[in-house]
Amino acid sequence: MDIVNIRPLLLTDYDGLKACMIRAYPQMPEAYWKEPQINRLLSIFPEGQLVVTINEQIVGCALSIIVRYDRFGDNHTYREITGNFTFVTHESGGDTLYGIDVFIDPTFRGQRLGRRLYDARKELCEQLNLSGIVFGGRIPNYHEHADVLSPRAYIEKVKNKELHDPTLNFQLSNDFHVSKVLRGYLPGDEESKEFATLLRWDNIYHIPVKSAKSTITKLVVRLGLVQWQMRPYRSVDELFEHMEYFVDAVSSYRCDFALFPEFFNAPLMAQYNDRPEGEAIRLLAEHTETIRDKFAKLAVSYNINIISGSMPLLRDGQLFNVGYLCRRDGSVEIYEKLHVTPDEVKCWGLKGGNTLRTFDTDCGKIGILICYDVEFPELPRRLAEEGMNILFVPFLTDTQNAFSRVQLCARARAIENECFVAIAGSVGNLPKVHNMDIQYAQSAVFTPCDFAFPVNGIKAEATPNTEMLVVADVDLELLIDLRHSGSVRNQKDRRTDLYKIDFKLENPKQTNLSTVVPVLDDNLA
């Protein structure tokens, strides 16, 4: 007996998914979704990607995203609703489940597998308390009647069973209703004469957000940047006092994040100044785990997410530059500096890390790059493709020209990736620590450059070379509007048909997206 199962799509399913899709669309053999696009969907909305299997063989699939429907309205195209097939239009706090694709292997049609996938979608819509399901549907038999019937008349005849359209008949039989006829929804669809039906299923169990418990990530996020004064410390406890002082200060302003600079703990190397530089920083690394644990406790006790700047870490005999995201729920995750400067190699023997990823927080996805890494635009681009809204950059620069490299690159990253960028550095002198003599910094929060943002792209900035805090609010909803309707749309308008970036990192999450010929909810019966 055949065993039929509906389950979530997995990364390891791609080969079977591709083969199924090619069989489902023999007239368009190159119209299958590419692996990076499937990986992208799984990274942003894994529960929305479903497959149906028979005896563990993939024989059908349903792909979807969540959108805030009022940003698009009924007059949209497939390219617009998918963000040029990049799915940047997905919003976890949206109100509508949008169907990207449904297909069934033709060998297994007639077994009501498409209905099972639609039922699973409806169940997901109800579980997520979304208002309904919407998608654009082809009318592939319309070309046979286009000379004598308007799209409206054709649809009415299909509804009345006077004409048969395999796609529309199936969708109507699954409780979807036509709310509009779309013109130019899918350019090149000759069978439908480039018309499509906008179909909707209403979730009668939907509870409006005003009366439901809100689970939406907060949209206005307050950042606290610590422009740290380098000063001698006689002990780790003295360092802890200053750490807590600044955490207390930014917490009193009800900040969601506190950002510390790169190597802010360098003054502790003064006691090792009689040692070679490489040995001194390795002795400093002995304090890293203790400082991490202190930050983790402060994050919980002061109810704030702390980005700990960076510190040296010895791992398997090699020295790395790392930091820690200490969330206010008590969880801790590590991030690494990937690119080390020639001076860091020469004086300390630092090695570059191999891990790049976004981090989930109670304020949405963030990225963290240490100093020099922000000068490599490929890294923030990958993070943006994974859904990053705020990029944090702890840095350490000695001269004004070194600072300018970090500052100007950070400002460019905000524009390129349509995100906020916060940078924090140290100021002052350390005459008793080799290779850390002077510091120059002007911590700041940068924005994209469009009408909703400051004209110069600077939300807030510190006084240069002065110990202080920078506190600024950033509105994530402005980024959503920018990506959909900004004067320019850097994420949407990238020519992924011409270029892409390949990463060779440990446990990589592929995010480079290549254009695919779009396929609608079709070929189901």
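In the predicted model, a total of 31 salt bridges is found. Among them is the contact between Asp105 and Arg23, whose side chains meet with an N to O distance of 2.5 Å. This pair joins distant parts of the chain, since Asp105 belongs to the loop between strand S4 (96–104) and helix H4 (113–127), whereas Arg23 lies in helix H1 (residues 14–24), at a separation of 82 residues. The two partners also fall into separate classes of accessibility: Asp105, with a relative accessible area of 1%, is buried because this value is under 20%, while Arg23, at 33% relative accessibility, is partly exposed.

A further salt bridge is formed by Asp202 and Arg200, with 2.7 Å between the closest N and O atoms. Here the acidic residue, Asp202, is partly exposed, its relative accessible area being 37%, and the basic residue, Arg200, is buried, with a value of 18% that is under the 20% cut-off.

Within helix H12 (400–417), Arg413 and Glu416 are placed 3 residues apart, which corresponds to about one turn of the helix, and their side chains form a salt bridge in which the closest N and O atoms are 2.8 Å apart. Arg413 is buried, at 6% relative accessibility, whereas Glu416 is partly exposed, with a relative accessible area of 23%. Beyond such individual pairs, a network of salt bridges links Arg68, Asp70, Arg71, Glu91, Glu477 and Asp481.

When the lining of the second largest pocket is divided by residue class, 10 residues are nonpolar, 4 are polar and 8 are charged.

Notes: Residues numbered from 1 in each chain as written. Predicted model: local features only at pLDDT ≥ 70, side-chain atom pairs only at ≥ 80, totals over all residues. Heavy atoms only, no water. Helix = DSSP H or I, 4+ residues; strand = E, 2+ residues; numbered from the N terminus. Nonpolar A, V, L, I, M, F, W, Y, C, P; charged D, E, K, R; others polar. Salt bridge = Lys/Arg side-chain N within 4 Å of Asp/Glu carboxyl O. Buried < 20%, exposed > 50% of the residue type's maximum accessible area, 1.4 Å probe, protein only.
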